[in-house]
Amino acid sequence: MEQQTFWSNADTQPLAARLRPQSLEEFVGQTHLLGEGKVLRRLIEADRISSMIFWGPPGVGKTTLARIIANRTRAAFIDFSAVTSGIKEIRAVMQRAEDNRRFGDKTIVFVDEIHRFNKAQQDAFLPFVEKGSIILIGATTENPSFEVNGALLSRCKVFVLQALTTEELTALLDRALHDPRGFGGQPVHMPPDMLKMIAAFANGDARAALSTLEMVVLNGDTDGSAITITPEILEQCTSKKSLLYDKSGEEHYNLISALHKSMRNSDPDAAVYWLARMLEAGEDPLYIARRVTRFASEDIGLADPRALETAVAAYQACHFIGMPECSVHLTQAVVYMSMAPKSNALYMAYESAKKDALSQLAEPVPLVIRNAPTRLMKDLHYGEGYQYAHNSAAKLTNMQCLPDSLLGTEYYHPTEQGVEAKYKARLEQIKLWKKQHT
């Protein structure tokens, strides 16, 4: 009788599919939701599931959790894909759910990638969720606040699923090596530190971790009875790390926010790290340069006027030569912004003035500072009493430039930071002169 090898017994399904958890006890991660006594676990165990949305990055168990709920609940389960389904398919599914309701049966409709549905498609679910024909479970990698209709979102409980930790992924990989559904039928020699390397490479994604492990094992050195994984094999299978990034999704805004706040906090190391995260994931360098230019005035301003010059120069450099060469120019700009003295006085001045401008749109321009290019306008006293500052030895006048209702209002409050201290002293001199010549 011919001895069967590991390869002849190998299941044709991917490792991640073979090891998909069948119960809460097998599920890895999300202990903040599924630990003993936690709210979601209690709802599942009591079979009291209501409409909900699972929001989290790829590979954290959104679909798996929905299937576990289907196995435990006393309800019909319909797996629905937002990628391949339209209004016609939605209506057909809703009719099935309505028929079930008439017979007193519950129906759970699981919608994967619900953020891909447009408004009309999402609206098609709404009346059936409202009257209880279905229990909707949606899964999304995008912030549901932006991607799910408000009316539908208000009827669903949002559960945030987190990326798996390196420790959780390492435990999952170790189980894959010993579980009969994984590689438990064949000895695999792999040092524990290699499992940790694969777990770190996966960036919180269980599916990616298992796929990488499968690739590593299938490319391992075999003598017919055991498989040995060498550092060289592992390096070949993990040569390029996939960065979690979507230039139109929430992570895009999370990372630019991280860059902005790191510069504001005068942390050049963190700022350069977030810059690299964006650039290496394919972000447009001109987008980053525009945000850095905004930062130069919003968070630095007159504390260091050269910050704006540096930011604009970096933008021009990015425009001239592009990636990857312009990465160093952006690094120079980001480090400069991080190290520069900080002042948000210009930003606060505009925001304060904007509030008054919007609430007092009809305030007339004082006659004294209006132009009078025609005889009629002169007859109406346009420009009458105008004082030309250059005719004064101090280059100052006491002329009123604000509307009467805003007389005495101050918007710009300079700080003592950097060069702005000089502008503060100058402003105080101007105010003193005007007070003395009122």
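# Working chat: contacts, backbone and helix packing

Q: Where does Lys-434 lie?
A: Lys-434 lies in helix α21. One caveat before we go on: this is a predicted model.

Q: Is Lys-434 buried, partly exposed or exposed?
A: Lys-434 is partly exposed. Its relative accessible area is 35%.

Q: How far is Lys-434 from Thr-397 in sequence, and how far in space?
A: In sequence, 37 residues separate Lys-434 and Thr-397. In space, their C-alpha atoms are 7.1 Å apart.

Q: Switching to charges. How many salt bridges does the structure hold?
A: There are 17 salt bridges. In general, side chains of opposite charge can pair when their charged atoms come close.

Q: What do the side chains of Arg-18 and Glu-214 form?
A: They meet in a salt bridge, with an N to O distance of 3.8 Å. The pair links distant parts of the chain, 196 residues apart. Arg-18 is in helix α2, residues 15-18, and Glu-214 is in helix α12, residues 206-218.

Q: Are those two buried or exposed?
A: Arg-18 is buried, at 11% relative accessible area. Glu-214 is buried as well, at 16%. The cut-off for buried is under 20%, so both values qualify.

Q: Which residue pairs with Arg-155?
A: Glu-130 does, through a salt bridge. The closest N and O atoms are 2.7 Å apart. Arg-155 sits in the loop between α9 (150-153) and β5 (157-160), while Glu-130 belongs to helix α7 (residues 119-130). The pair therefore ties together parts that are 25 residues apart in sequence.

Q: And how accessible are Arg-155 and Glu-130?
A: Arg-155 is partly exposed, with 37% relative accessible area. Glu-130 is also partly exposed, at 46%.

Q: What about Arg-181, which partner does it have?
A: Arg-181 forms a salt bridge with Asp-179, at 3.3 Å from N to O. Arg-181 is partly exposed, at 26% relative accessibility. Asp-179 is buried, at 14%.

Q: Which residues are linked in a network of salt bridges?
A: Glu-25, Glu-36, Arg-41 and Glu-45 are linked that way.

Q: Now the nonpolar side. Which residues make the nonpolar surface patch of about 380 Å²?
A: Val-365, Ile-369, Tyr-386 and Tyr-388 make that patch.

Q: Where is Tyr-386 found, and how accessible is it?
A: Tyr-386 is found in the loop between α20 (375-379) and α21 (420-436). Tyr-386 is partly exposed, with a relative accessible area of 47%.

Q: Backbone next. Is the peptide bond from Met-323 to Pro-324 cis or trans?
A: It is cis, with omega near 5°. Pro-324 lies in the loop between α17 (306-321) and α18 (327-339). As background, most peptide bonds are trans, and most residues other than glycine have a negative phi.

Q: On phi, then. What is the value for Gln-30?
A: Gln-30 has a positive phi of about 60°, and it is not a glycine. Gln-30 is placed in the loop between α2 and α3 (31-34). Gln-30 counts as buried, at 4% relative accessibility.

Q: And the phi of His-381?
A: Phi of His-381 is near 75°. That is a positive value in a residue other than glycine. His-381 is in the loop between α20 and α21. His-381 is partly exposed, at 41% relative accessible area.

Q: Last topic, helix packing. How do the axes of α16 and α18 cross?
A: The axes of helix α16 (residues 285-300) and α18 come within 11 Å and cross at roughly 20°. That makes α16 roughly parallel to α18, because angles under 35 degrees count that way.

Q: Is that crossing left-handed or right-handed?
A: α16 passes α18 in a left-handed crossing.

Q: What are the numbers for α10 and α12?
A: The axes of helix α10 (residues 166-178) and α12 come within 10 Å. They cross at roughly 40°.

Q: Are α10 and α12 parallel or oblique, and what is the handedness?
A: α10 and α12 are oblique to each other. Their crossing is right-handed. Helix α12 is also where Glu-214 sits, the partner in the pair with Arg-18.

Terms used:
Residues numbered from 1 in each chain as written. Predicted model: local features only at pLDDT ≥ 70, side-chain atom pairs only at ≥ 80, totals over all residues. Heavy atoms only, no water. Salt bridge = Lys/Arg side-chain N within 4 Å of Asp/Glu carboxyl O. Helix = DSSP H or I, 4+ residues; strand = E, 2+ residues; numbered from the N terminus. Buried < 20%, exposed > 50% of the residue type's maximum accessible area, 1.4 Å probe, protein only. Patch = residues over 30% accessible without salt bridge, like charges linked within 9 Å, V, L, I, M, F, W, Y side chains within 5 Å. Areas by Shrake-Rupley, 256 points an atom, 1.4 Å probe, with all protein chains shown as cover. Axes fitted to C-alpha atoms, helices over the stretch in contact; angles between N-to-C directions. Parallel < 35°, antiparallel > 145°, perpendicular 65-115°, else oblique. Left-handed = near helix turned anticlockwise from the far one by under 90°.
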